[in-house]
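Please read the numbered points with the sequence and the coordinates at hand.

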Amino acid sequence: NWNNDSPLLMPAFGRAPSERPLEVTGYTFMRGSYSTNRFGTGNEYLLGEAGVDATLHHAVPWGGLAKIRAEYLYQTARLDSGSDTRESYARLDWFSCLWGGTRADSFRAEAGRFLHREFSELGVIDGAEGSAWFGDHWRLGGSVGEMPDYQRRVDFTRDYEGAVFAKFLSGPREEFTFGVAYQRTLHNGDWDRDLLVAVTEFVPSPWFSARASVWVDYYTASEQVKSSGFEVTEAHAYAAYRFTLDHHLGAFFTRSRRPDVLRDELAPEGEAPSPEMAELLKENLSLYYGAYTWHRLSRHLVADTRVSLWRDQDDESGISGEAHAGFQDLLFDKGEVGLTAFYTDGIYSRGPGARLTISRLFAPVSVLGWYEAAWYENTTTRESDLQQTFHLSIDAALSDTWSVSLSADYRIDSDQESVTFLLSIMKRIQ
């Protein structure tokens, strides 16, 4: 009971991180898929993985935390026209200790295997990264470490990197940010890549956001194929605007060229790439850009559209688009019936199609099914074919910690009759 000696607003006394009990959050998972083609070549494929994605709070001295994501993968293929293959390996996506990380912390450091925090464009490293505030608006730092292979195996690659970066942040809400990073790499003891990355973000309100980034490679006279000088190897941009909660609009752009780096090992060590590979490396280019919209037209009707265009180094180009109408809670509660019309224009095939989608929530189970029919033309042979797809997926929350997902796909056309099954089981750690 309240009295003069025991006021309602008692002072709060926090505990140091070292005094707090260990707290583990995250999840464990198992996934598997099986697919086969019952028409023509009867190939079969089996994939499986099991792993953990967890964060350990108060497990590291000086107020840090530990993060880990690891999995074991197995895959096998039975081929009618060739030898069967089997492969299994452990994958370590990240395993690191992190100190700091909020704007209130003047210094942030991370060590282990992790994706660069300040500039994710610099990739995953086995090493250390640190950054610190200088004044109210600048954050400066750097990193050093070994770069794991693309499959994230636990192995030495002899690919090393060092990077420095600077980032400007406009204020506490970080409405505007601009940053520049420089990274230099080594491959088997030879200098490999000089990369400059620039990133900017602009979020002036909850209604508008924009982001752009550019990768610039600097080539010296020691490159395998490309001439010395600067080259823009990647550029990305997007912008999104919400007129109201019921009307959204967005646009996107990406441009990429393959960089000339020894790490890709396009030829055996000490040898030059073949003339065909050299020409492809010099000329490769891909452009992809477009726009999308989303609208709630009424309580029961939503509509969204998307248009995208592409172009490559041979001036081949195409345009694809789709329009979707979703009828929500109209025919039944907690569900949607959707109709989609689309057109695809790719390098190898093009043509129109339509999709009928039905989804419904039977708490704690959700069900999704669709039927799709597309009339594709092979751009090389000019032959056309009807491709049909049937899909069914079920997601169920078995308890507060356990969930399971099942899905099946059946695809049929004149060249295939394939079936794919997927199973995913997840347990939340709390």
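1. D53 touches T25, G26, Y27, F29, I68, R69 and W94, where contact means heavy atoms within 4.5 Å and residues up to four places away in sequence are not counted. This aspartate sits in strand β2, residues 44–60, strands being DSSP runs of E with at least two residues, numbered from the N terminus. D53 has a relative accessible area of 15% and is therefore buried, a word that stands for under 20% relative accessible area, with exposed for over 50% and partly exposed for what lies in between (1.4 Å probe, protein chains only). The side chains of D53 and R69 are joined by a polar contact of 3.1 Å, that is, a pair of N or O atoms within 3.5 Å, of which, within protein, one must be able to donate a hydrogen and the other to accept it, while residues adjacent in sequence count only if both atoms are side-chain atoms.

2. Before going further, please keep in mind that this is a predicted model, in which local features need pLDDT of at least 70 and side-chain atom pairs count only at pLDDT 80 or more, whereas totals for chains, interfaces and linings use all residues. Residues are numbered from 1 along each chain as its sequence is written, and side-chain values use heavy atoms, with hydrogens and water left out.

3. G42 belongs to the loop between β1 (23–37) and β2, and its relative accessible area of 15% is why G42 counts as buried. Leaving aside residues up to four places away in sequence, G42 touches N37, R78 and D80. From the C-alpha atom of G42 to that of D400, which is 358 residues apart along the chain, the separation is 41 Å.

4. S143 is part of strand β7, residues 138–146, and counts as buried because its relative accessibility is 7%. Its side chain makes a polar contact of 3.1 Å with the side chain of E161. Not counting residues up to four places away in sequence, S143 touches H116, I125, A128, E129, E161, G162 and A163.

5. Which residues make up the largest nonpolar core? There are nine of them, namely F119, L122, A163, F165, A181, L195, V197, V199 and W215; such a core is a set of buried Ala, Val, Leu, Ile, Met, Phe, Trp, Tyr and Cys residues joined through side-chain atoms within 4.5 Å. Strands β8 (159–169) and β10 (190–205) each supply at least two residues of this core, and its largest share, three residues, comes from β10. A181 touches F119, L122, V164, F165, L195, L196 and V197, again not counting residues up to four places away in sequence.

6. The largest pocket has a volume of about 480 Å³. On a 1 Å grid over the protein atoms alone, a pocket is an open set of points with protein on both sides within 12 Å along at least five of seven lines, a cavity is a set of points where a 1.4 Å probe fits but cannot get out, and lining residues have an atom within 4 Å of a point. Grid points are joined across faces, edges and corners, and a volume is the space filled by probe spheres set on the points. Of the 21 residues that line the largest pocket, E121, L122, Y150, R193 and R263 are the closest to its centre. The largest share of this lining, three residues, comes from β10.

7. The structure holds one cavity of 30 Å³ or more, and the largest cavity contains about 40 Å³ of space. Its lining consists of W191, D192, S222, E223, Q224, D260, V261 and L262.

8. Some backbone geometry deserves a check, since most residues other than glycine have a negative phi, and most peptide bonds are trans. The peptide bond from A363 to P364 is cis, with omega near 5°, and P364 is found in the loop between β18 (349–362) and β19 (365–378). D329, although not a glycine, has a positive phi of about 50°; D329 lies in the loop between β16 (317–328) and β17 (335–345) and is partly exposed, with a relative accessible area of 36%. R382, also not a glycine, has a positive phi of about 65°, and its place is in the loop between β19 and β20 (384–397).

Definitions and conventions:
Helices (H or I, at least four residues) and strands (E, at least two) are DSSP runs, numbered from the N terminus.
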